[in-house]
Amino acid sequence: MTAMNEMTLAYRTEEDHPLLAALGLSTGRWAGANLNVDAADEMLIQYLNLSGQDRDRALVTYFDSGRRIWETMSAVLRWRFGPLEDADREIRILDFASGYGRMTRFAVLELPPETVWVADIYAGGVRFQEEQLGVHGLVSHADPARFECAERFDAVLVSSLFTHLPEETFRAWFRRLRGLLRPGGLLVFSVHGEDLLPPGRELGPSGLYFAARSESGSLPGEQYGTTWVSEEFVRRMLAELAPGCAARRIHRGLVSFQDLWVVVADPACDLSGLRLEPEPEGFVEHCSAPAGRLRMVGWLIDRALRQPPRELRVRIDGEVRLVHRDFPPRPDVAALFPYEQVAGHGWSFEVPLPAEDLERNAALAIERVDAAGKTSALYAGTLLAALLRSARLDLHAVKLQLRDRDAELAAERERIDGLHGLIRGLEARLAAMEASRFWKLRNAWFRVKRRFS
């Protein structure tokens, strides 16, 4: 089956999910992204399992993680090759172990699809990306020696593959992928660092620990498990298998969790200028304008500093109307980041809102100043856009509540129907007994007994 309407999709772009719009995943820089997701996509299935089958949370985690991975990879590409928008430069990349396109769907918004190759052991995932995203596809193999690829690339990007390989396969795949680089090209891959090793486990003498289990529901554990490595292990491997390369480790450089390694096929390359600093993140959960006041509620996290911000500044048409400095803990926010240890901080405020501000749809901006004094944008738009966005989120939440309530009512109706059925059955049984010859004789005996007692 190849046509989109013949595919089984877990999500379709035209659903226009309000949570995705609220997170900026379907507007602005990411407008036009193909958000179709194949029902066989193991990453979405994994997020569904982690979220207790909460589809909304799983979709947000799926798309947001793909976006963040691409933002990191594109930052490395820009550092090495300059602006990706430069039409005079063609950069050929390979997204290896690409799955069903969690990252690739965002990559093709900034790179021409004809310059992007994807490879994965799942042929269905490769076919999905070819048809949906217009990229070149290569079906991989469990044995690196049997992976056929005649193309050479400026960059090979590998997220969350080396986090799953036993030592021999780890080294073999590094050698194979390193060999696909053009002169001066770069290989970017992620690993579980030593500091992520679960309690009670230790790295082996080589500096690698492999457990034969993973989230995959189809790949054998001895081929695709979970791997942790030390920095020394990777550097020894680089010295042996890539002696003519420059390399740098960025601690927790991928989604603030996995260590990111950047390897450049140029020993003279200076990687000291490569900076990957995560921006503080936040979310506006509610916005309303009751009785001449603007009310807003949300949360923030800061992966880099791991501290609450210094302040929020609320601007309307450029004028600072409020400086907010109260950020109580929000433990519930951690559930949105299942692979990380994050501390969420809440905020809520009200500020006077003259009617003329709404009438002219004044510009609204919320700036955050982190604990180190750096200022960044949390929200930028207009008052009406903020109110509309919040109303859509509230409507979605009400629909979910109604859906849950409908399920509860259906269960109650089923219980009531069951009780009615039980009553009818007992009534019929009693009527049958009372109509029987035995029952009539029994009643006559009790009448005689009462008469002579």
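The radius of gyration of the protein, taken from a predicted model, is 30 Å, whereas a compact globule of 453 residues would have a value near 22 Å. Along the principal axes, the C-alpha trace spans about 120 × 65 × 50 Å. Of the 453 residues, 44% are buried. Among contacts in the protein with a separation of 6 or more, 65% are accounted for by residues 24 or more positions apart. The secondary structure consists of 10 helices and 18 strands.

Two of the helices, H2 and H3, were examined as a pair. Two packed helices are described by the angle between their axes and the distance between the axes. Helix H2 covers residues 42-50 and helix H3 covers residues 55-81. Their axes come within 8 Å and cross at roughly 135°. The crossing in which H2 passes H3 is right-handed.

On the H2 side, the contact is made by Met43, Leu44, Tyr47 and Leu48. On the H3 side, the residues involved are Arg55, Ala58, Leu59, Thr61, Tyr62 and Ser65.

Definitions and conventions: Residues are numbered from 1 along each chain as its sequence is written. This is a predicted model: local features need pLDDT of at least 70, side-chain atom pairs count only at pLDDT 80 or more; totals for chains, interfaces and linings use all residues. Side-chain values use heavy atoms; hydrogens and water are left out. Axes are lines fitted to C-alpha atoms, for helices over the stretch in contact, and angles run from 0 to 180 degrees between N-to-C directions. Helices (H or I, at least four residues) and strands (E, at least two) are DSSP runs, numbered from the N terminus. A crossing is left-handed if the near helix is turned anticlockwise from the far one by less than a right angle, and right-handed if clockwise. Contact means heavy atoms within 4.5 Å. The radius of gyration is taken over C-alpha atoms; the globule rule is 2.2 Å times the number of residues to the power 0.38. Buried means under 20% relative accessible area, exposed over 50%, partly exposed in between (1.4 Å probe, protein chains only).
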